[in-house]
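I'd like to walk you through a few local features, so let me put the structure up.

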Amino acid sequence: MSVGTGQPTLTPAADAAAANEDRGDRSRWLLVVCCVAQFMVILDLSIVNVALPSIQSSLNFSSADLQWVIDAYAITFAGFLMLGGRAVDQFGQRRTFVIALAMFALTSLIGGASANSEMLVIARGVQGLSCAFMAASSLAIITSSFPPGPQLHRAIGLWAAMNGAGGAAGTLFGGIITQELSWRWVLLINPPIGIAAALVAWSVVSDRRRPSDGRSFDLAGALTLTIGQIILVYGVVEAGLRGWHAFPALGPMLLGLALLVMFCVIEVRFAAAPLVPFKELTKPLRDANTIVLLFSAALFPMWYLSSLYLQQVLGLSPLHAGLTFLPMALTIMLVARRAGPLVSRFGVRSVLGSGLTMMTVGMLLFTKIAASGSSIVYIMIPGLLVAAGIGMSIVPSTIAATHGAKQGQAGLASGLVNTSRQIGGGLGLAVLITLATSRSSHLIGVGHGVPQALTDGFRLGYYIAAGLCAAAALLAFAVVPGAAKVAESADAGRSPLRRFPFVIIVGTVLAGFLALDFAVGGSHGAPIGAYTAGDTYSFVTAPGLHPPKLKVDVPTASSKLAPGYILMTNFYDLNYPPMVGQGGPLILDNRLQPVWFKPVPTSVVAGNLSLQTYDGKPALAWWQGVVTDTGATESGEDIVVNQHYKTVATLRAAGGWVITIHEIEIRGDDAWVTVNKNLPMNLSKYGGAYNGALIDSAVQEYNLKTGKLLYTWDALKHIPLSDSQATLPTNGFPWDAYHVNSIDVLGDGTFIVSMRNIWAAYKVDIRTGAIEWTLGGRHSSFKFGPGAQFQWQHDVVAYSGSPLITMFDDHCCQITGGGTYVSATGPSRGLVLKLDQATRTATVAGQYSHGSGFDSEYMGSLQPLPNGNEFVGWGSASYLTEFSVSGQKLLDANLPYPDITYRSELEPWVGLPTYPPVGAARRRAGKTTVYASWNGATQVASWRVLGGSSAGSLSAVATGAKSGFETALAVTASDSTCEVQALNSAGKVIGTSRPFTVAAP
């Protein structure tokens, strides 16, 4: 008889079950921490891309040095991967993994708190080193912690899925964090994750290591391999910027290759315990790494090219681009999770070859991209096929590599496969982006539009990527063992027919995607001038006109307003099309009622309506053309109309130049305009690509009657490119170094020109072209008083006989594409400066603000009015405001979101249309309402309605004061025919409509 102890007695079976449950929990946590580590490794390769412009502005990076925020991480990551894999085998998995995670957390914290550019670059470099050890450790831990077979395949599948998910998530999270928080949080989110992962890893990871055989560590091999890879990758990165033939690229590549050759000699002939035992590397391991290198050379550029296409061609914000990639990331995770069981059933070769075939077809579908259209059609649909192929390729290739390693070489195998992935990706990225950039730059240089040129360059990159995937697929089918050889199980005896269902499934998927893509392919995006009719005017007498409705936020002090009409154009927000209402020049009265509106075709947009004098009479001028979502002008012309709204001049630029939206000043028979031209240029000395393109800016004078070019002042010949404040693109997108945006011809043989992206205005001698003085920028002729400095300015105007200069000081922002900007360093404002030529100082004489947090990313104007008021157009901020002398808001109107106007002015204007007024009548419930309008007529004070049974028997039946663009007048008579007469303030008839009949509604 036994005596109870109060403790339950476990049977051997129960004890074993508890032990298995504990091992299962540990395995799950081990897999989670390894997947999180790999996700963060890949995430940090891409997440900072979106934040680069903000980083540059915050830490004063030069354009040439900015690339090192990416390169310092990528180079050290690739360079230390093999050393990391060997360290795992030599020093233990847990110790290496936990130290790497802790170092990752620490370097991320230092990087996020960086006080200067050097500190950030160093932190990123050490972060890349820690991630190399994290990547090598995590895969080695998985391959040695799970038993061979389906369980290991599933674990590797989840780990491999993190490669695709991390790349896609980087763009998404980078956009969200940079837009909503700060670029620093792109790095500061890492420390808590890294610390938590390190604590979990210490609890669940065993400290496995390769048994010591008494031989020394291969220090010489480690140094030559690591330094050789770092130098080689550095050379490849430089080649993408300077060209493959340039010594700063070719020299490091040759030196890196020489060190790698030296490494091979050391390993084969001298090392007692070689870091990479070439003699012991199996053929399956070598073959698997070759396949990984090939498809990684296509995979890495695919994310990069697609992200640039979405943001720079289709104009998506980083957030929206990331959301486009989200289904792809989910597909990778879903398919990769099932890839392990598929390998167990059908073998590595079938699954890997099929996945690479799917990637090949998907890459070919990417080549159907167009310069406008749907991100779903051109990226998401092909991307889902590519993503499925990625999930079916990464997992079996990783399984093949790790299975091909000998006992005790788990760390070596993981290091090799990661190194192949990163080296392949780095080389592919450099080669494909260089070729794509060369293609785009060439097309831009010979006059092709930027969106189409970029699209053609990206298409070339996709074609090359498809070729690399196809080569990897052929190699997989040729050299990877079949299911029987890999499994060495009873499955080997089964009929090959067992694999037919898998082939049928893959073929069906490919056919389905091909059918879907060709069914919806070829779609084009909405035209640049597309609009919606919500919050717009609709007129019975002018059903084709839909100008936007402006509203006021504060009561208007009408009695204090300056006389005149508001001149503006309805323009689209570069990042959030379409417009509300049609685009075109628009004149409003001080009640914000339309007076004249001329919609332009939806194939173009219009901007910069201004009052001019031509042939000695008042005239209106505006620009119309095509502007990309980054503010670059693709095409444009200036239109001049007289008081009768008849076109009297149309001006287009000559010599490959394009007239921009920014300025036209008519002097006699001549017009001074702002123009741009795209030029191919080696920008490597400025930190850009050796095969880049420049948007050159100039001031030109044309004769309006003949269109002859009379004068050109080219900024490139007078202003050093090094003065630009704009970040250089490195992918073929042209560098908008100057961005000319206003001219003021002073009448004394000089003009003042504003260069937005230099942060400067220049006074130029017309005859010699010499710059007399510079206001602002890196080499200002004037010292600024408190609060007088400006940034990204517009509409710089000087006044004869006065020391005052007016401008719109945006103080914001570098446009980075897709709706993102460098953060503003101050509120936007209308700014009046006083220039003291004797002391060469510039001080604030007045400023007009909409509030401390009010930023206009681009555009804007300031106009002093004859009565002392100031009229401010807030550009992209969608407002226009009239201030009193004391700064009180007398009128504060805003356009419907997301409409904007380039400039807004208050001017005297007399419109005398030669076409007649328009009338219409509607009868409802026995009551008749007559509608009258006369587009552009400014002298109409009231309307008279004539009615009768026919056009020959009309008499006055109603009168009423003009109430807006269209006036409605109630008519009691039941006449079937009507006319309307426009009366001036003296009661005189100044226009009569054609007869019209009364219609039912």
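Predicted model: local features only at pLDDT ≥ 70, side-chain atom pairs only at ≥ 80, totals over all residues.

Let me start with a quick one: is His811 buried or exposed? With a relative accessible area of 11%, His811 is buried, where buried means under 20% relative accessible area, exposed over 50% and partly exposed in between, using a 1.4 Å probe and protein chains only.

Residues are numbered from 1 along each chain as its sequence is written, and side-chain values use heavy atoms, with hydrogens and water left out.

Back to His811: you'll find it in the loop between β21 (804-809) and β22 (815-817). Helices (H or I, at least four residues) and strands (E, at least two) are DSSP runs, numbered from the N terminus. Phi of His811 is near 50 degrees, a positive value in a residue other than glycine. Asp795 is also a non-glycine residue with positive phi, near 55 degrees. Asp795 sits in strand β20 (residues 794-798), and Asp795 counts as buried because its relative accessibility is 8%.

While we're on backbone geometry, the peptide bond from Tyr897 to Pro898 is cis, with omega near 5 degrees. Pro898 is in the loop between β29 (889-894) and β30 (904-907).

Okay, helices. Among the buried residues of α6 are Phe97, Leu101 and Phe104.

The axes of α6 and helix α7 (residues 117-145) come within 8 Å and cross at roughly 155 degrees; axes are lines fitted to C-alpha atoms, for helices over the stretch in contact, with angles from 0 to 180 degrees between N-to-C directions. The two helices are therefore roughly antiparallel, a label for angles over 145 degrees. The residues of their contact divide into 16 nonpolar, ten polar and no charged. Here Ala, Val, Leu, Ile, Met, Phe, Trp, Tyr, Cys and Pro count as nonpolar, Asp, Glu, Lys and Arg as charged, and the others, Gly among them, as polar.

Last stop, strand β9 (residues 633-641): seven of its nine residues are buried. Strand β8 (residues 617-627) runs antiparallel to β9, joined by eight bridges; strands pair if DSSP finds at least two bridges between them. Val626 stands opposite Ser635 in β9. That's my tour, thanks.

Key. Parallel < 35°, antiparallel > 145°, perpendicular 65-115°, else oblique.
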